[in-house]
Amino acid sequence: MGIWLMMATSLMAQVVPAYVPAEGDWDCEGFRKGIGAPYYYCDCRLNSYTFSFPLDTIVNDTVWYTASMNDLKKGMSAYWFSDCSVTMEVYAVCTNKEPIFQITVGPNQMRDVDAAFIQKKIDEAGSSVQEVIAGLTPHMRVYPNGGTGRVYCYPYDQGPESTCDDPLPLRPGMTYVCDKEENVYRMNSNLIPASGKSFIHWKQKKNQPCDIWLTLDSCTGEEIGRAVLSDSLHVYQPDSAQLVNARQAGRSLWLHVKHAKDKVGRVYFYTNPKYADALADVNQQTCTGKTIKVNEKTYGRDTTFTETLWVAKDTLRTMSVNLSFTAPQTEYDTLRLTNSEVVQGYRYTTTGTTIYAFGDYTLEAKKANTCTRIIQLAVIEKEVPVDPKEALEDVHGVHNGASKCIRNGQLIVVKRGRYYNVLGQEIKGL
């Protein structure tokens, strides 16, 4: 049951004196010592501000807040802009000597705890303890570890709005929750790495893509890079020479992130990346028409490249990829069609092509994830025998596209370039 049982136990075990003087006459410090409460008891009880999301404040000393369990159950994303770290502790009641949980956020970093984790801890505590927890008004202590800074607290999967008019500072390695459709972050020139080497990383639970681009000096300044990031394996590496020039010229760097509405993701800007050992080469071959999937991307054409993949935090690794797709061998086919079939349009089902004229065709048969076929098709006229009755009708003056002539004293019926006697029998060799 962990921290939640500790919280409930501490609450139920709290010592309540037989007599509590009126607040105006109350010696809190004496009371604290009398009940053996921790040194921060009076600040916790008497000097707490009301906490609500979002929190945006400057912290240079210990600050206490009174929070609601409903707020804390939403989870929390805490941003801290300072050269020192900051610690946030949550206590069930002011007499607790240990926090329910705490978060320490490093210099210029963000930490978060999701709602699922907190709810899981509540569920594990059991129904009787849950009833006690539900009635609590927890206290939160926030204190910097040796400095001053600005803290933002938002519910999990939310973050401060960052716009062209009021951009958040872009700090190397910091996590930025992108819950708005478009966010803009600004990096001072002195934070651009002297080496110019960096990469931008995007994480989204369902691999929803985002568009990113970089400008100099302002939101509408010179654009020096653009990419689409669609998964957490791939990163974007800006041109290092351009970043070196920007640093030397004292030009600020602006990162733009745009994605579909209501699709929450996280973006990171890392400088001076480390490299793990390269992965084994990928060499694959298949036929044209099929596809090959490598590292969440799908390919359908010959390609050779060096892939750069994210490993963890500021670490990358490379992989050589060589993919080839063999061309199909030409197949040959012949169609014999009547004139009427061609005029009406004949559907060649192998490729789905409709034929409207006699002749030669080079056709391509494509089917999803199947080898492509190339077919050389000859479409020729089909020889149709003439019905003897029809030939006799021609002889007696019923002309269905036929004509008559005399050859060697014999009456001949000529129809469609062929010769027939009066019985409708075809005569060869004329």
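1. In the predicted model, H201 stands opposite Y268, a residue of strand 18, and H201 also stands opposite V235, which belongs to strand 16. A further contact of this kind involves W202, whose bridge partner in strand 18 is V267.

2. For the chain as a whole, the secondary structure amounts to nine helices and 32 strands. The protein chain has 430 residues, of which 42% count as buried, and it exposes about 23000 Å², with carbon and sulfur atoms supplying 47% of that area. Of the contacts between residues at least 6 apart in sequence, 64% join residues that are at least 24 apart.

3. How many aromatic pairs does the count come to? The count is 14 aromatic pairs, and one of them is formed by F51 and F53, an edge-to-face pair with 5.1 Å centre to centre and 80 degrees between the planes. F51 counts as buried because its relative accessibility is 4%, and F53, at 16% relative accessibility, also counts as buried.

4. The pair of Y79 and Y152 is edge-to-face because the ring planes stand at 85 degrees, with the centres 6.5 Å apart. This pair links distant parts of the chain, since Y79 lies in strand 4 (residues 75-81) and Y152 in strand 9 (residues 149-154), 73 residues apart. Y79 counts as buried at 1% relative accessibility, and Y152 is buried with a relative accessible area of 8%. Elsewhere, ring pairs link Y39, Y40, W64 and Y91 into a cluster.

5. A search of the whole structure finds 14 salt bridges, among them one in which the side chains of R251 and D217 meet at 2.8 Å, N to O. R251 lies in the loop between helix 7 (240-248) and strand 17 (253-259), and D217 in the loop between strand 14 (210-216) and strand 15 (223-229), so the pair ties together parts that are 34 residues apart in sequence. R251 is partly exposed at 24% relative accessible area, and D217 is partly exposed at 41%.

6. Another salt bridge joins the side chains of D314 and K274, at 2.6 Å, N to O. Because D314 lies in the loop between strand 23 (303-312) and strand 24 (315-326) and K274 in strand 19 (residues 274-275), this pair ties together parts that are 40 residues apart in sequence. D314 is buried, with a relative accessible area of 19%, which falls under the 20% cut-off, whereas K274 counts as partly exposed at 49% relative accessibility.

7. Salt bridges also link D112, D157, K205 and R266 in a network.

Terms used:
Residues numbered from 1 in each chain as written. Predicted model: local features only at pLDDT ≥ 70, side-chain atom pairs only at ≥ 80, totals over all residues. Heavy atoms only, no water. Pairing = 2+ DSSP bridges. Helix = DSSP H or I, 4+ residues; strand = E, 2+ residues; numbered from the N terminus. Buried < 20%, exposed > 50% of the residue type's maximum accessible area, 1.4 Å probe, protein only. Contact = heavy atoms within 4.5 Å. Areas by Shrake-Rupley, 256 points an atom, 1.4 Å probe, with all protein chains shown as cover. Phe/Tyr/Trp six-rings, centres within 6.5 Å; stacked < 30°, edge-to-face > 60°. Salt bridge = Lys/Arg side-chain N within 4 Å of Asp/Glu carboxyl O.
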